[in-house]
Amino acid sequence: MTNKIIYFLFVIFFLFIFIIFYKGLNNSNLYTPNTEIKSIPKLTYESLLKKSSLNSKDIFNKNRFYLLNIWASWCVPCRDEHPFLISLNKNENIKIIGLNYKDNINNAKNFLNELGNPYSTILLDTDGTKAIEWGAYGVPETFLIYENKIIKRYIGPLNSELLDEIKIYIK
Amino acid sequence: MKFFKFILVILIFFTFSLLKADEIKLENKITKNLRCLICQGQSVYDSDSEFAISLKLVVKNKINEGYSEDQIYKFLTKKYGDWILYDPQFNKNTYFLWFLPLLIFVFGGAIIMKKFINIKK
């Protein structure tokens, strides 16, 4: 009788371990942080093209959609997503704000001259600390903002599917 | 008098450098407990990725602003989730994790005790 119970427990134990490992196989090992930040961080930024400092309050008004895009001239995927930002800029319901991440100012300006400037304002993050306040961890990363709240965040470059999704949000 | 001034300067110098050393110690302790989210096998302390460099700077700034170790962890878990900490904090998601070794210990102890009692009988 005890042998039977031990055998039964063994089978259950191995089944349990098998299920855990099997489930683990399908998990992506790329971690996306589950952030609790819902509202935008209150910070003061320097601007890339104008010589002035800006507050979060000055930049983001209520009753309007904003797209905060973290980019850098040295980031290759940013080049790929740039045409999508330019096409989204034609939409009047949304304002695109750039956050230039750890970049050389001249390189950033050349990047915009070469590929076009979809941003209404470009903020500077020279040491990467502002991106951390946003809960971002690399470039490119994009936040969709409405009423000072982050409603959606996209890690990695935007593509045509994500662009369609954003267009549905801002309709 | 000059001698006293000299002593005073040396004393002040050493107290400040000690303070600084404490800050660096705390900074290193915190960054060693933070997981680099870009290169996930490494701590922020060991990593030289852009993210880790910025995060080290953030931790340093927060210590200068007077944040305690726990406050810094709270600030970062709010932004990046519990995953960023190597040493998970005690909360409702980690009760099981923290109590499991204790439970196994008690359970194992009970089995051994039972055997002993049986042998004595």
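**Figure 1. Parallel pairing of strands β3(A) and β4(A).** Seven bridges (7) connect β3(A) with strand β4 of chain A, residues 94-101, and the two strands run parallel. The view is taken from a predicted model. Within this pairing, L67(A) has I96(A) of β4(A) as its bridge partner.

**Figure 2. The β-α-β unit of chain A.** Helix α3 of chain A, residues 76-88, forms a right-handed β-α-β unit together with β3(A) and β4(A). The two strands of this unit are also those joined in parallel by 7 bridges.

**Figure 3. Antiparallel pairing of strands β3(A) and β6(A).** Strand β6 of chain A, residues 141-146, runs antiparallel to β3(A), and 6 bridges join the two.

**Figure 4. The contact between chains A and B.** Chain B contributes 16 residues to the contact and chain A contributes 15. On the side of chain B that touches chain A, the elements giving two or more residues are α2 (50-64) and α3 (69-80) of chain B. Helix α2(B) supplies the largest share of that side, with 8 residues. Sorted by class, this side of chain B consists of 9 nonpolar, 4 polar and 3 charged residues.

Notes: Residues are numbered from 1 along each chain as its sequence is written. Chains are lettered from A and ligands numbered from 1 in the order in which they are written. This is a predicted model: local features need pLDDT of at least 70, side-chain atom pairs count only at pLDDT 80 or more; totals for chains, interfaces and linings use all residues. Two strands pair if DSSP finds at least two bridges between them. Helices (H or I, at least four residues) and strands (E, at least two) are DSSP runs, numbered from the N terminus. A crossover is right-handed if, with the strands pointing away from the viewer, the path from the first strand over the helix to the second runs clockwise. Two residues are in contact if their C-beta atoms, placed from the backbone, lie within 7 Å. Ala, Val, Leu, Ile, Met, Phe, Trp, Tyr, Cys and Pro count as nonpolar, Asp, Glu, Lys and Arg as charged, and the others, Gly among them, as polar.
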